[in-house]
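Subject: Structure handover

Hello,

Here is the structure I said I would pass on. Please have it open while you read the notes below.

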Amino acid sequence: MKKLVKIVAIIASISAMLNLVGCGNSNTPEAVALKFAEKLYSEDFEGAGEVCTKETATLLLMMKEMAKDSAEFKANKGGKFEVAKCKVEGDSAIVELKCTQKSGKVEMMQGKDAITLIKHKGDWKVSIKKD
């Protein structure tokens with residue numbers, strides 16, 4: 001009986017460790033950029049704002065009205081995003097994403113369209129500068 005309890009305890013420990021490893025870290029520039037893009041292109045501006053600086057969240061709320069008739073948002077809605085490249089320098093990062101639209105068309109979010117992030121109080125936040 002003691003052997004059975006020991007085996008169950010070992011299996012439970014291994015299972016718990018695998019669950020922790022599988023969860024990954026949601027506070028990486030890549031994870032934050034993906035969440036931002038997915039929320040933004042599903043027109044969840046409030047959700048996208050949760051991973052942004054306060055200034056960027058304010059800009060998103062202003063964009064909300066303009067995006068209603070945007071062909072870009074409609075084309076990417078339901079698309080799949082993946083990280084193409086991430087460059088971290090200290091407390092800032094630039095993440096380039098690849099978006100595969102429902103139609104199969106692939107677009108790259110790079111250069112001026114790449115997502116810029118800054119580390120704020122230990123968390124990565126999307127930071128869009130108003131030009």
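Please keep in mind that this is a predicted model.

In soluble globular proteins, nonpolar side chains tend to be buried together. The largest nonpolar core here has 22 residues, and the members that touch the most others are F36, I115 and L117. At least two residues of this core come from each of helix 2, helix 3, helix 4 (54-67), strand 2 (92-100), strand 4 and strand 5. Helix 2 supplies the largest share, with six residues.

Which residues is I115 in contact with, once its neighbours within four places in sequence are left aside? They are A33, F36, A37, A93, I94, V95, L97, M109 and V126.

Now the backbone. Most residues other than glycine have a negative phi. E43 is not a glycine, yet its phi is positive, at about 65°. You will find E43 in the loop that runs between helix 2 (29-41) and helix 3 (45-49). K121, also not a glycine, has a positive phi of about 55°. K121 lies in the loop between strand 4 (115-120) and strand 5 (123-126).

Are these two residues exposed or partly exposed? E43 has a relative accessible area of 27%, so it counts as partly exposed. K121 has a relative accessible area of 77%, so it counts as exposed, the cut-off for that being over 50%.

Regards

How values were computed: Residues are numbered from 1 along each chain as its sequence is written. This is a predicted model: local features need pLDDT of at least 70, side-chain atom pairs count only at pLDDT 80 or more; totals for chains, interfaces and linings use all residues. Side-chain values use heavy atoms; hydrogens and water are left out. Helices (H or I, at least four residues) and strands (E, at least two) are DSSP runs, numbered from the N terminus. Buried means under 20% relative accessible area, exposed over 50%, partly exposed in between (1.4 Å probe, protein chains only). A nonpolar core is a set of buried Ala, Val, Leu, Ile, Met, Phe, Trp, Tyr and Cys residues joined through side-chain atoms within 4.5 Å. Contact means heavy atoms within 4.5 Å.
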